[in-house]
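This briefing summarises the fold of one protein chain for computational work.

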Amino acid sequence: MSKYSTKLLGFGDNVVDIYDHLKTMYPGGNCVNVSVYGKMAGCEKTAYMGYFGDDDRAELIMDTLEKIGVETVKCRQLHGENGYSRITLKDGDREFLDFNDGGIRGKTPYILDRFDLEYMKGFDVVHSGNYSFTEEELHKIKEAGIPVSFDFSDDSTEEYYEKTAPEVTYAFCSFDGTDQEAEEHLKKIISMGPKLAMASRGARGCILYDGRNFYRQPAAPLTEVKDTLGAGDSLIASFLTGYIGRRKNGMAEETAICESLEEAAAFAACICGMEGAFGYGKKYE
């Protein structure tokens, strides 16, 4: 039974993370990860919507989503190479060696039609990100009255924010600067239109801004670190799951934010104890 009545849809990227040092490939990608972690964090329903290639890497992701119970009825499979990233680990942190810009997905932007939007209306939030090639479609989702979550990661330019943030309800990013710099960054994001903006800061935890107050959440203690891949995505998924669920149940805004941040920090710490974003690896020669 689900913990929250939240319904979450990931719309955008899927990739296979190829770990050279382990000769193992894992399903991943920000939007796939958020969908899976939403399921793990207690969502009533999660789904993924995007393009797959038709190689063995695509089959790994599709099979894994089916096993976990993430809905994929609005996905499409195209002829071509699936997206991948080649990765190695150094002291538990990932280093990217090679990638193919999303494969066939990067060459074929997803264009939403009225039937896609009607499907999306069945969710509380649609999550996408800056590696998803979905930027031109966000306005359709917003105009349909569906809240948009978006991960700007740590490499979005100011011009990119100015173009994309006005279509976003919940904005997420990674930020390595000082507390004051992080606060100024979040203020700037909120001024562009989002309702909430969160900066994840690794071992320093995260900061969230709602246009009035800053909320600081320390990172939860790590009992075991196998892989930090997916830590940021799990923080996003758990926060959205808990926050939306609590608000739907009538909890006050500030309390919902604080409880969801604490829960998300603990959830992300647990994810760091898994290999790959969420396990389900497959060996290769």
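A residue counts as buried under 20% relative accessible area, as exposed over 50%, and as partly exposed in between, with a 1.4 Å probe and protein chains only. The model is predicted: local features need pLDDT of at least 70, side-chain atom pairs count only at pLDDT 80 or more, and totals for chains, interfaces and linings use all residues. Residues are numbered from 1 along each chain as its sequence is written, and side-chain values use heavy atoms, with hydrogens and water left out.

**Overall dimensions**

- The protein chain contains 9 helices and 15 strands; helices (H or I, at least four residues) and strands (E, at least two) are DSSP runs numbered from the N terminus.
- Along the principal axes, the C-alpha atoms of the protein chain fill a box of roughly 50 × 45 × 45 Å.
- Of the 285 residues, 56% count as buried.
- The protein chain exposes about 12600 Å², of which carbon and sulfur atoms supply 49%; accessible areas come from the Shrake-Rupley method with a 1.4 Å probe, and for residues only the protein chains shown count as cover.
- Among contacts (heavy atoms within 4.5 Å) between residues at least 6 apart in sequence, 67% join residues at least 24 apart.

- Strand β9 (residues 125-129) is mostly covered, with 5 of its 5 residues buried.
- In a regular strand, side chains alternate between the two faces of the sheet.
- On one side of β9, Val125, His127 and Gly129 are buried, and on the other Val126 and Ser128 are buried.
- Strand β1 (residues 7-11) runs parallel to β9 and is joined to it by 3 bridges; pairing requires that DSSP finds at least two bridges between two strands.
- Leu8 has Val125 in β9 as its bridge partner.
- Strand β10 (residues 148-151) pairs with β9 in the parallel sense over 4 bridges, and Ser149 in β10 is the bridge partner of His127.
- From β9 the chain crosses through helix α5 (residues 138-143) to β10 in a right-handed β-α-β crossover, meaning that, with the strands pointing away from the viewer, the path from the first strand over the helix to the second runs clockwise.

**Helix α8**

- Because 15 of its 18 residues are buried, α8 is largely enclosed by the rest of the structure.
- The end C-alpha atoms of α8 (residues 231-248) are 26 Å apart, which agrees with the 26 Å that its 18 residues should span at 1.5 Å a residue; the expected span is 1.5 Å times one less than the number of residues.
- Gly250, which follows α8, has a positive phi near 95°.
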